[in-house]
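This briefing covers one protein model, to be read alongside its sequence and coordinates. Points are grouped by topic below.

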Amino acid sequence: MRSTTVDGVPCVGLEGSDGTLWVDAATARPVRLEIPDKSSPKDALTFTEYGEIAAPKAPPAAQVIDGKALGM
């Protein structure tokens, strides 16, 4: 197990045969998945925007279907 800072976040690296998953040392949330590639140094998938999900909004009335009209 290795440790480093990824995008300003102190992380622990969990290494496997397919790559390294960097996990936030304080919260255990995934920060980055690095996958070695023969054609480039490494491919990576970065996880961001935790807790930034916008609340859903109701659609405009013109886009609402009355279930009774469909026999529901």
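At 56% relative accessibility, Glu 49 counts as exposed; buried means under 20% relative accessible area, exposed over 50%, and partly exposed in between (1.4 Å probe, protein chains only). The model is predicted, with local features requiring pLDDT of at least 70, side-chain atom pairs counting only at pLDDT 80 or more, and totals for chains, interfaces and linings using all residues. Residues are numbered from 1 along each chain as its sequence is written, and side-chain values use heavy atoms, with hydrogens and water left out.

**Glu 49**
- Glu 49 lies in the segment after strand 5; strands (E, at least two residues) and helices (H or I, at least four) are DSSP runs, numbered from the N terminus.
- The phi angle of Glu 49 is near 65°, a positive value in a residue other than glycine.
- From Glu 49 to Ala 69 the sequence separation is 20 residues, and the C-alpha to C-alpha distance is 40 Å.

- Five strands make up an open sheet in the order 1-2-3-4-5, with antiparallel pairing; two strands pair if DSSP finds at least two bridges between them.
- Strand 1 (2-6) and strand 5 (43-46) each have a single partner strand and stand at the edges, so one side of each is left without a neighbour in the sheet.
- From one strand to the next, the twist averages 25°; axes are lines fitted to C-alpha atoms (for helices over the stretch in contact), and angles run from 0 to 180 degrees between N-to-C directions.
- Strands of a sheet pair through backbone hydrogen bonds, either parallel or antiparallel.

**Strands 2 and 3**
- Strand 2 (residues 9-16) runs antiparallel to strand 3, and six bridges join them.
- Strand 3 (residues 19-24) is mostly covered, with five of its six residues buried.

**Strands 3 and 4**
- Four bridges link strand 3 to strand 4 in antiparallel fashion.
- Leu 21 has Leu 33, in strand 4, as its bridge partner.
- These two strands form a hairpin with five residues between them.
- Ala 28 sits in the loop between strand 3 and strand 4, and its phi is positive, at about 65°, although Ala 28 is not a glycine.
- Ala 28 is exposed, with a relative accessible area of 56%.

- Strand 4 (residues 30-35) and strand 5 run antiparallel and are joined by four bridges.
- Leu 33 is bridged to Leu 45 in strand 5.
- Leu 45 is partly exposed, with a relative accessible area of 45%.
- Together with Phe 47 and Tyr 50, Leu 45 forms a nonpolar surface patch of about 260 Å² accessible area.
- Patches are made of residues with over 30% relative accessible area and no salt bridge, where like charges are joined within 9 Å and nonpolar side chains (Val, Leu, Ile, Met, Phe, Trp, Tyr) within 5 Å.
- A salt bridge is a side-chain nitrogen of Lys or Arg within 4 Å of a carboxyl oxygen of Asp or Glu.
- Accessible areas come from the Shrake-Rupley method with a 1.4 Å probe; for residues, only the protein chains shown count as cover.
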